[in-house]
Number of protein chains: 2
Amino acid sequence: MKDIALGIDIGGTFTKFGFIDKDGNSHFDNSVVTTGHNDIETYLASLANGIKKSLKDLGPGFNLVGVGIGAPNGNYYNGTIEYAPNLDWKDVVPFVDLFKKHFDMPMALTNDANAAAIGEMIYGGAKGMKNFVVITLGTGLGSGIVVNGEVVYGHDGFAGEVGHVLVYENGRLCGCGNHGCLETYASASGIRRTVFELLCNETAPSTLRDISFNDITAKAIAKAARDGDIIALKAFEFTGKILGMKLADTVAHTSPEAIFLFGGLTNAGDLIFKPTIEHFENSLLKVYRNKIKILPSGLQETNAAVLGASALAWKELEK
Amino acid sequence: MKDIALGIDIGGTFTKFGFIDKDGNSHFDNSVVTTGHNDIETYLASLANGIKKSLKDLGPGFNLVGVGIGAPNGNYYNGTIEYAPNLDWKDVVPFVDLFKKHFDMPMALTNDANAAAIGEMIYGGAKGMKNFVVITLGTGLGSGIVVNGEVVYGHDGFAGEVGHVLVYENGRLCGCGNHGCLETYASASGIRRTVFELLCNETAPSTLRDISFNDITAKAIAKAARDGDIIALKAFEFTGKILGMKLADTVAHTSPEAIFLFGGLTNAGDLIFKPTIEHFENSLLKVYRNKIKILPSGLQETNAAVLGASALAWKELEK
């Protein structure tokens with residue numbers, strides 16, 4: 001019998017899950033719809049049924065030993081999802097308590113970025129590292145901070161919100177209601193905003209002038225930059241500058257061995273890594289310089305969230 | 001026999017030490033001169049002699065069980081003092097290794113702010129807290145970050161340099177060589193700089209217009225503020241605003257239960273606490289609001305550094 005952990009990644013539209021062994025091999029991936037259920041109980045029943053069916057389809061020879069869940073606004077301490085803006089359930093959902101009725105086994109829940117950090121530690125580039133940070137650059141900017149081999153959850157279970165440190169006082173309005181948060185600059189949506197600021201402030205011709213705000217993507221900006229588009233190049237330079245500057249502040253808190261960047265924006269490769277590393281090094285206190293690695297994540301993006309969630313299960317089982 | 005720990009606080013001019021019992025009672029305080037020795041060995045011999053003499057003067061009935069040392073640029077992992085700008089020894093001093101020749105017993109060293117954090121945890125307001133931060137507002141701004149009951153030392157032993165997070169790009173020149181660091185705004189010297197900026201930018205009469213840059217103190221600014229001096233009041237408001245804003249960023253990293261403020265500037269009481277707390281709350285991500293306490297340190301300033309250093313010894317002995 002091969003031991004496997006169930007990793008669940010709860011997104012606004014789909015809930016993905018997979019069975020992962022301790023070496024990070026995925027033995028089955030599937031998903032159910034997150035939205036449109038009458039209540040949380042109905043959704044959980046649908047999710048449990050999907051998982052049980054997949055487990056059956058997986059065939060004999062496997063032994064499910066634990067469940068890890070990555071969810072927006074997931075609270076590790078309580079196993080709750082609290083006031084997640086993009087989910088149907090708006091208040092505090094005691095997810096782990098409810099889901100244990102379907103799977104009575106070790107179960108843990110945290111937010112997506114913390115799950116990514118644990119995935120990096122168990123399967124990815126942070127194997128053997130005790131102090132590191134994972135930054136996820138998606139629509140927003142998520143972060144998972146690891147100190148002494150453990151994710152920092154903080155007093156309330158909500159530590160690691162580096163996407164909401166302040167860059168510019170009275171800066172861009174953030175989804176959180178504050179102004180000038182890091183994720184309004186350094187994220188897939190942040191670079192889109194930067195492009196539109198540049199299109200306003202500069203006069204250089206740009207293929208990006210033909211794309212609407214809603215249609216533009218980080219991928220299109222990267223393509224334009226590779227074609228030599230000045231606006232796109234400046235947008236990556238600015239995004240990397242802001243990200244590098246603020247990651248230096250993160251170092252001043254926990255002094256990690258490495259910072260892993262993960263998510264759509266990192267597919268731009270050097271376009272984002274080069275300015276980030278340059279401004280990072282220039283912003284660091286001298287004692288930290290030339291020793292902290294900024295690296296692409298060692299996890300494949302396609303199933304990283306499920307991998308990370310399963311890693312949380314493995315991590316719990318170690319305890 | 002009563003167990004006591006030796007706490008040593010290494011300053012640029014004096015090295016203070018004391019014998020402290022586990023309840024935080026000080027049984028003897030003394031000091032030797034830090035500067036003017038030919039080399040580190042001579043200094044350590046002088047320090048060891050001073051301590052041994054004091055131990056003798058203390059009389060019988062005491063049992064010295066460990067040594068804790070707080071030093072600028074102290075590295076907990078290696079027991080070294082590394083490139084401390086205000087000490088006579090400019091490179092890497094293997095302090096613990098050398099000092100164990102004089103006192104062969106459990107010994108640990110860290111920087112002043114980390115020692116203050118451990119002091120707060122063992123003797124002060126953070127008793128029983130697992131996640132908190134201590135900010136020391138002296139000439140500079142030091143910080144000790146505690147996560148899960150342990151000081152965060154980071155990969156290299158130098159974590160917790162919140163004084164050097166960026167406030168304003170291209171802002172005030174910092175002693176570290178960077179521009180815009182937090183301690184150039186929020187510290188005893190930071191508020192002095194703020195007063196002089198205000199004296200330049202504003203036209204209000206102020207008693208502070210009669211004091212030179214070198215003569216002005218945080219205490220004098222506090223006195224002027226209490227007398228209704230507009231420049232002094234604005235200086236405290238601005239200092240608290242910057243401090244509150246940036247402490248919110250610290251919360252976004254480690255989500256502490258409380259933040260303790262320590263050092264000269266905190267003697268100004270509400271003048272500094274009120275604007276700090278106001279801007280802190282306004283800057284926090286919603287999930288953190290109205291639950292994180294900003295408190296004055298529970299340690300007495302006069303011997304806090306020695307207390308903190310001795311607390312490090314007690315903390316090590318618990319392991």
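Tutor: The buried residues of H5(B) pack against helix H4 (188-201), helix H6 (230-254) and helix H7 (270-283) of chain B. Contact here requires C-beta atoms, placed from the backbone, to lie within 7 Å. This is a predicted model, in which local features need pLDDT of at least 70 and side-chain atom pairs count only at pLDDT 80 or more, while totals for chains, interfaces and linings use all residues. Residues are numbered from 1 along each chain as its sequence is written, and chains are lettered from A and ligands numbered from 1 in the order in which they are written.

Student: Which residues of helix H5 of chain B are called buried?

Tutor: In helix H5 (residues 218-226) of chain B they are B:Ala218, B:Ile221, B:Ala222, B:Ala224 and B:Ala225.

Student: Why are the buried residues of H5(B) said to line one face of the helix?

Tutor: Seen down the axis of H5(B), they fall within an arc of 160°, so they line one face. The arc is that of the directions from the helix axis to the C-beta atoms. Just after H5(B), B:Gly228 takes a positive phi of about 90°.

Student: What makes chain A and chain B partners in an interface?

Tutor: By the contact criterion, 34 residues of chain A meet 34 residues of chain B. On the side of chain A, strand S10 (141-147) and helix H6 (230-254) are the elements that give two or more residues, and H6(A) gives the most, with 6 residues. That side divides into 15 nonpolar, 12 polar and 7 charged residues. Nonpolar covers Ala, Val, Leu, Ile, Met, Phe, Trp, Tyr, Cys and Pro; charged covers Asp, Glu, Lys and Arg; the others, Gly among them, are polar.

Student: How do you know how the two copies are related?

Tutor: A rotation of 180° with 0.0 Å of shift along its axis superposes chain A on chain B, at an RMSD of 0.0 Å. The two copies are therefore related as by a two-fold rotation axis. Moreover, the same surface serves both copies, since 100% of the contact residues of chain A recur in chain B. The superposition is by least squares on the C-alpha atoms of residues with pLDDT of at least 70 in both.

Notes:
Contact = placed C-beta atoms within 7 Å. Helix = DSSP H or I, 4+ residues; strand = E, 2+ residues; numbered from the N terminus. Buried ≥ 20, exposed ≤ 12 C-beta atoms within 10 Å, placed from the backbone.
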